[in-house]
Amino acid sequence: MLILGIESSCDETAASVAKDHTEILSNVVASQVEEHKQYGGVVPEIASRRHCENILWVVQKALDDAGVMLSDLDGIAVTAYPGLIGALLVGVNFAKGLALVANKPLVPVHHLAGHIASNYIAHPALKPPYLCLVVSGGHSHLVEVLSYTCFRILGRTRDDAAGECFDKCARAMGYPYPGGVHLDKASKSGNPETFQLPKPKVAGNAYDFSFSGLKTAVVNLLHNAEQKGVEICREDLAASVQKTIAEVMTDHTMRAAREYGYATIAVAGGVSANSGVRSAMQQACDKAGYALYLPPLSLCGDNGAMIACAGAYAFDAGIRADASLNASATMELTAWGELARNMY
Ligand code: KG4
Ligand code: ZN
């Protein structure tokens, strides 16, 4: 089975062809990061315009690299939600046009289901059910992956997503956008015990996250130091921030695994590239005797391969869209999974 996957939910225009779900025949990513950097974050209108310019050649190259023609495809999968609406609309409309001319089934994919699927590409042994921590620039979810298209959300962020927290802390510390990766690098030469930062508990649901207090603490710490003329070692602060975020995420995941009886854990999303998160999760899972699956660094960020793979499983589950498909800036992961049941 050959599925073309198209991704344009944020600042990467990406396309890929997956064979039999997990064999990636091509994976093309056109990143806009350099352009958005000068504004300190993604500018939605610029993102949409660049997607418009790039989508044709990106998809064409994905087909060429894979050595397949449109007519060889079994389906066309596209990220339809959630994300920047103008950015999503480019991918969705392009995919609709392709599906129409090639007379192929159109499969709408939830972006987070795509991130979750990145681990299937790298780890054939990983099969549902398991527990997945999905941490990206826009979301922090603790998810029971019950099947390839059926999910239950145990916890989510109440405010900033993990990636947003990394980026905002990094920005306050003077690192360029996207700051998470710079903070990660800096933390390697810092002492994580230097600063004691808050780890907020959230009332109501013990598995929910809250990262905005941590960001505020970092901003206040920097302001106070500046006012007093005290020099802060950026590497030590970076290491302390990273350790705190990694500990919060690991604690939540391990508690949920124990309570819900999961011995198989995965991490996915842009923040799964973070070295502190990866090693904290690995240590905790080794100690508990759990199997841990992490995506390779090449599949942590947004890419078309994860959408093609998730699209293949969604195709199996019967998830389809017609020419009336619209993009949506928001959509629950669980609601997307329910599309499969409503199709029959
Ligand atoms: O999944 P993703 O590529 O896009 C969204 O769906 O949001 O995630 C992007 C986020 C950004 O906030 C970025 O700073 C963060 O992932 N990120 C990292 C690292 N690499 C990417 N955060 C911390 N450490 C990293 N090494
Ligand atoms: Zn993403």
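**Notebook: zinc site and a helix pair**

I looked up the zinc ion (ligand 2) first: its protein donors are His111 (NE2), His115 (NE2) and Asp302 (OD), lying 2.0 to 2.1 Å from it. Donors here are N, O and S atoms within 2.8 Å of the metal (3.2 Å for Na, K and Ca); water is not among the atoms, so sites may look incomplete. The model is predicted: local features need pLDDT of at least 70, side-chain atom pairs count only at pLDDT 80 or more, and totals for chains, interfaces and linings use all residues. Residues are numbered from 1 along each chain as its sequence is written, ligands are numbered from 1 in written order, and side-chain values use heavy atoms, without hydrogens and water.

I read the donor spacing as H-x3-H-x186-D. His111 lies in helix H4 (residues 111–122) and Asp302 in the loop between strand S10 (291–293) and helix H10 (304–317), so the pair ties together parts 191 residues apart in sequence. Helices (H or I, at least four residues) and strands (E, at least two) are DSSP runs, numbered from the N terminus.

I checked burial next. His111 and Asp302 are both buried (under 20% relative accessible area, 1.4 Å probe, protein chains only). In H4, 11 of the 12 residues are buried, so this helix is largely enclosed by the rest of the structure.

Then I turned to H7 (residues 212–228) and H8 (residues 234–260). Their axes, lines fitted to C-alpha atoms over the stretch in contact, come within 11 Å and cross at roughly 165 degrees. That makes H7 roughly antiparallel to H8 (over 145 degrees). I list Leu214, Val218, Leu221 and Leu222 of H7 against Leu237, Val241, Thr244 and Ile245 of H8 (contact: heavy atoms within 4.5 Å).

Note on methods
Axes fitted to C-alpha atoms, helices over the stretch in contact; angles between N-to-C directions. Parallel < 35°, antiparallel > 145°, perpendicular 65-115°, else oblique. Buried < 20%, exposed > 50% of the residue type's maximum accessible area, 1.4 Å probe, protein only.
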